[in-house]
Amino acid sequence: MATTVTTESTELFDKKTWMGGVEPMNASYGKLMMWFFLISDTFTFSALLVTYGLIRFSFPAYDPAIHGAFQFSNLYWPIPEQVYNSVPFLHGVDAPLIFVGIMTFILIFSSVTMVLAVEAGHRMDRPTVEKYMLWTILGGFAFLGCQAWEWSHFIHGTEQGMSIKELVGGEWVSRTVFGANLTENQYGPPAFADLFFFITGFHGTHVFSGVLLNVLIFYRTATGLYQRRGHYEMVEKVGLYWHFVDLVWVFVFTFFYLV
Amino acid sequence: MSDHNHHADHAGTEVAPAQTKRIWQVFIILSAVTTVEFIIAFTIKSGYFKTSLFVGLTIVKAFYIVGEFMHLKHEVKGLIWAILLPTLFVCWLLLAMMLEGGSIFNLR
């Protein structure tokens with residue numbers, strides 16, 4: 001660190017030091033700010049997951065001894081395996097969590113291609129950076145497509161739906177609920193669908209903006225901007241964001257789909 | 001290309017060979033942990049044991065993503081703690097609010 005503090009003005013503005021002439025935490029300005037942005041984004045996502053934890057545990061869990069065979073009911077919190085059990089093109093086939101698993105692997109794989117692009121950037125290997133950025137963008141679009149299907153299936157619901165009894169004008173009326181919206185859903189308590197929409201929606205928005213950033217990085221790599229600049233640090237910074245999005249999905253996958 | 005590597009510094013168009021072994025190792029670890037999570041989801045009865053297994057495996061995955069892919073493991077100690085400490089407090093908040101939710105359930 002001491003070597004970066006120098007009185008020679010020509011040495012001050014090399015790529016590594018900040019304007020003060022030192023390099024705090026041994027990281028460039030942009031990278032450190034990206035880390036601080038990510039930690040603040042962690043708080044936002046945690047707020048959603050904390051809310052989920054609070055609401056989830058204030059509702060009864062499904063217990064076969066009390067409730068009998070599992071069916072959708074707004075008396076208890078649904079089991080994720082029973083809700084997310086559909087795969088595109090396989091109508092009526094019970095495939096619990098398979099589709100979510102595919103989505104998880106897509107995101108992990110696009111994270112790997114991102115880190116391969118960063119690695120190629122360190123070596124100033126422009127064609128390889130381009131190649132892996134394209135794979136990462138493809139993975140991002142594939143994930144978004146999967147999520148669009150998942151949402152549309154969740155909103156439309158199953159053929160059976162859930163029959164509920166409600167008090168209308170002093171009389172008990174039976175009614176069948178199909179699919180989900182923010183006020184009611186066929187899977188369980190209204191809060192279940194609300195949290196699904198908010199948590200996966202907020203994550204999906206992050207994936208979408210990540211894809212946009214990746215496209216921008218690919219464009220600037222392809223036009224040779226980073227090659228002329230002499231380093232590929234932008235790939236690294238956007239890579240940090242992309243890995244963060246993958247990391248959030250790991251937590252959403254565990255807490256929303258598995259537990 | 002490999003016999004030109006020592007010219008890489010001044011040739012401009014030549015690049016060093018790729019160092020991707022560790023990246024693929026981490027990919028295999030992440031995939032294996034996810035597969036194990038799937039197996040657990042369908043074989044072990046739900047309860048505290050299953051939940052703690054899931055949480056433990058999630059932390060393993062988070063460690064590899066943040067440590068290797070995001071390179072935090074190789075940063076200076078100050079940066080590691082700047083990221084880790086706030087996250088630990090968030091974990092405490094999550095646990096506290098889950099316990100609070102259980103208490104709301106008991107009072108209903």
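In the predicted model, the contact between the two chains draws 39 residues from chain B and 41 residues from chain A. On the side of chain B that touches chain A, at least two residues each are supplied by helix 2 (21-43), helix 3 (48-69) and helix 4 (77-107) of chain B. Helix 4 of chain B provides the largest share of this side, with 15 residues. Sorted by class, the residues on the side of chain B that touches chain A comprise 25 nonpolar, 10 polar and four charged.

Chain B itself contains four helices and zero strands. Its elements, read from the N terminus, follow the order α-α-α-α. Of the 108 residues of chain B, 11% count as buried.

Within chain B, the axes of helix 2 and helix 3 come within 10 Å and cross at roughly 165°. Helix 2 of chain B is therefore roughly antiparallel to helix 3 of chain B, an angle over 145° being counted in that category. The crossing of these two helices of chain B is left-handed. From helix 2 of chain B, the residues that meet helix 3 of chain B are B:Arg22, B:Val26, B:Ile29, B:Leu30, B:Val33, B:Val36, B:Glu37 and B:Ile40. Their counterparts in helix 3 of chain B are B:Lys50, B:Leu53, B:Phe54, B:Leu57, B:Val60, B:Lys61, B:Tyr64, B:Glu68 and B:Phe69. By class, this contact of helix 2 with helix 3 of chain B has 12 nonpolar and five charged residues, with no polar residues.

A helix pair was also examined in chain A. The axes of helix 5 (residues 98-122) and helix 6 (residues 126-156) of chain A come within 8 Å and cross at roughly 160°. Helix 5 and helix 6 of chain A are therefore roughly antiparallel to each other. The crossing of helix 5 and helix 6 of chain A is left-handed. The contact of helix 5 of chain A with helix 6 of chain A has 17 nonpolar, seven polar and one charged residues.

Chain A also contains a strand pairing. Strand 1 (residues 162-168) of chain A pairs with strand 2 of chain A in the antiparallel sense over seven bridges. Among the paired positions, A:Glu166 has A:Val173 in strand 2 of chain A as its bridge partner. The hairpin formed by strand 1 and strand 2 of chain A has two residues between the strands, and A:Gly169 takes a positive phi near 60° in this hairpin. Strand 2 (residues 171-177) of chain A is hardly covered, the count of buried residues among its seven residues being zero.

A further position considered in chain A is A:Ser73, located in the loop between helix 3 (64-67) and helix 4 (80-83) of chain A. A:Ser73 has 17 other C-beta atoms within 10 Å and is therefore partly exposed, since a buried residue requires 20 or more such atoms and an exposed one has 12 or fewer. When residues up to four places away in sequence are not counted, A:Ser73 touches A:Met162 and A:Gly188. The C-alpha atoms of A:Ser73 and A:Ile199 are 22 Å apart in space, while the two residues are 126 residues apart in sequence.

Definitions and conventions:
Residues are numbered from 1 along each chain as its sequence is written. Chains are lettered from A and ligands numbered from 1 in the order in which they are written. This is a predicted model: local features need pLDDT of at least 70, side-chain atom pairs count only at pLDDT 80 or more; totals for chains, interfaces and linings use all residues. Axes are lines fitted to C-alpha atoms, for helices over the stretch in contact, and angles run from 0 to 180 degrees between N-to-C directions. Angles under 35 degrees count as roughly parallel, over 145 as roughly antiparallel, 65 to 115 as roughly perpendicular and the rest as oblique. A crossing is left-handed if the near helix is turned anticlockwise from the far one by less than a right angle, and right-handed if clockwise. Ala, Val, Leu, Ile, Met, Phe, Trp, Tyr, Cys and Pro count as nonpolar, Asp, Glu, Lys and Arg as charged, and the others, Gly among them, as polar. Two residues are in contact if their C-beta atoms, placed from the backbone, lie within 7 Å. Two strands pair if DSSP finds at least two bridges between them.
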